[in-house]
Each structure stands twice: as structure tokens, then as C-alpha cells.
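Welcome! Take a look at the sequence and the model first, and then we can walk through them together.

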Amino acid sequence: MTYTHVVTQQVDPTGEVIRSNKSYSAASKVSVDESVATGQTDKQIFVAIDVSAVKSIIILSDQAVLLETNSGSTPTNTLSLLAGVPYLWNTDSYDTFKLTGDVTSIFITNSSGAAARIQLDAVVDPTP
């Protein structure tokens, strides 16, 4: 089976829409959809990601949270996610992938004052 992310970016600066659509496909995917209570520190969510195999990834939280990979005390990577602002990366991104080491778990700290919904979806090629 093939999994696909269709990434659409759109801006309407002056009544004329500027839009881009691009698809990223791979044979596997990784998904997370978890709730993290407010006040939770380092809630562990098991997820396996081979970063060299990622073609496209989106990570979204509906609350501002801290995401750490592999450890809550000595993380491989740390992302401060803003409420409603996705971290989106794909093989055509201008920036480098913020996940620099393979992931076995993510750790979420939520001090936002409300429960946070954490969503992650990645399409990955198991044979990069």
C-alpha cells in the first residue's frame, strides 16, 4: 500500500490567491493522535521514526507544548510547538529536518492550561 501526504500552501495577499500543491508518497506511515493533560510533564508516547526514511511529516498541537525526542531529560531533539501552528517538513523543504536522530518515543510537556491534542503523521520509505 502507498501512503500520501498532499501538502497545500495558500496565501491570499491581495485578492489573488497564490497556491502550491505537492504530493509525497511512501510505502509506510507513522501516526500519533494523543491527548496530553494540562500540567503533564514528559508524557511518553511510543513512536518509531527512522529519520532517514521520512518523505513528509506534520506535527500539530492545539495547545503550546514542548516536544522532546527519545528522552524527557536528555532529548535528542526539542521542538517548542505553538498552538495550532504545525511543524511541517518534506524532502523539498528549504530548511533542514529538525529531527536529527531516529525516534523511539516522544515526550510531551503541557503547561498550557488546557488538554492538548498531539497529532503526528509521517510518510516513510522503509527502504530509503
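In which strand does glutamine 10 lie? Glutamine 10 lies in strand E1. Please keep in mind that this is a predicted model.

**Overall picture**

- The protein has ten strands and zero helices.
- Read from the N terminus, its elements run β-β-β-β-β-β-β-β-β-β.
- For 128 residues, a compact globule would have a radius of gyration near 14 Å, and the 15 Å of this protein agrees with that.
- Along the principal axes, the C-alpha atoms fill a box of roughly 45 × 40 × 25 Å.
- Among contacts with a separation of 6 or more, 69% are between residues 24 or more positions apart.

**Surface and charge**

- Of the 128 residues, 35% are buried.
- The protein exposes about 7200 Å², and carbon and sulfur atoms supply 50% of that area.

**The nonpolar core**

- In soluble globular proteins, nonpolar side chains tend to be buried together.
- Here, the largest nonpolar core has 27 residues. Those with the most contacts inside it are Ile49, Ile57, Ile59, Tyr87, Phe97 and Ile108.
- The elements that give two or more residues to this core are strands E3 (28–36), E4 (43–49), E5 (54–61), E6 (65–69), E7 (78–81), E8 (87–90), E9 (103–109) and E10 (116–124).
- Strand E10 supplies the largest share of this core, with five residues.
- Isoleucine 108 makes contact with Val36, Gln40, Thr41, Asp42, Lys43, Ile45, Val65, Leu66, Leu67 and Ile118, leaving aside its neighbours within four places in sequence.

- Valine 7 is found in strand E1, which covers residues 3–11. Is valine 7 buried or exposed? Valine 7 has a relative accessible area of 11%, under the 20% cut-off, so this residue is buried.
- Not counting residues up to four places away in sequence, valine 7 touches Ser20, Asn21, Lys22, Tyr24, Ser56, Leu88 and Asn90.
- Serine 20 has its place in strand E2, residues 18–26. With a relative accessibility of 35%, serine 20 counts as partly exposed.
- Valine 7 and serine 20 are 13 residues apart in sequence, and their C-alpha atoms are 7.9 Å apart in space.
- Serine 20 and threonine 8 are twelve residues apart along the chain, with 5.6 Å between their C-alpha atoms.
- Beyond its neighbours within four places in sequence, serine 20 is in contact with Val7, Thr8 and Gln9.
- Back at glutamine 10, the relative accessibility is 48%, and this residue counts as partly exposed.
- Leaving aside neighbours within four places in sequence, the contacts of glutamine 10 are Val17, Ile18 and Arg19.
- Glutamine 10 and glutamine 63 are 53 residues apart in sequence and 23 Å apart in space, C-alpha to C-alpha.

**Alanine 48 in strand E4**

- Strand E4 is the place of alanine 48. Its relative accessibility is 59%, which is over the 50% cut-off, so alanine 48 counts as exposed.
- Which residues does alanine 48 contact, leaving aside its neighbours within four places in sequence? They are Val30, Val103 and Thr104.
- Alanine 48 and aspartate 102 are 54 residues apart along the chain, while 7.6 Å separates their C-alpha atoms.

**Two loop residues with positive phi**

- Aspartate 42 is found in the loop between E3 and E4. Its phi is near 55°, a positive value in a residue other than glycine.
- With 28% relative accessibility, aspartate 42 counts as partly exposed.
- Asparagine 70 sits in the loop between E6 and E7. Phi of asparagine 70 is near 75°, again a positive value in a residue other than glycine.
- At 24% relative accessibility, asparagine 70 counts as partly exposed.

How values were computed: Residues are numbered from 1 along each chain as its sequence is written. This is a predicted model: local features need pLDDT of at least 70, side-chain atom pairs count only at pLDDT 80 or more; totals for chains, interfaces and linings use all residues. Side-chain values use heavy atoms; hydrogens and water are left out. A nonpolar core is a set of buried Ala, Val, Leu, Ile, Met, Phe, Trp, Tyr and Cys residues joined through side-chain atoms within 4.5 Å. Buried means under 20% relative accessible area, exposed over 50%, partly exposed in between (1.4 Å probe, protein chains only). Helices (H or I, at least four residues) and strands (E, at least two) are DSSP runs, numbered from the N terminus. Contact means heavy atoms within 4.5 Å. The radius of gyration is taken over C-alpha atoms; the globule rule is 2.2 Å times the number of residues to the power 0.38. Accessible areas come from the Shrake-Rupley method with a 1.4 Å probe; for residues, only the protein chains shown count as cover.
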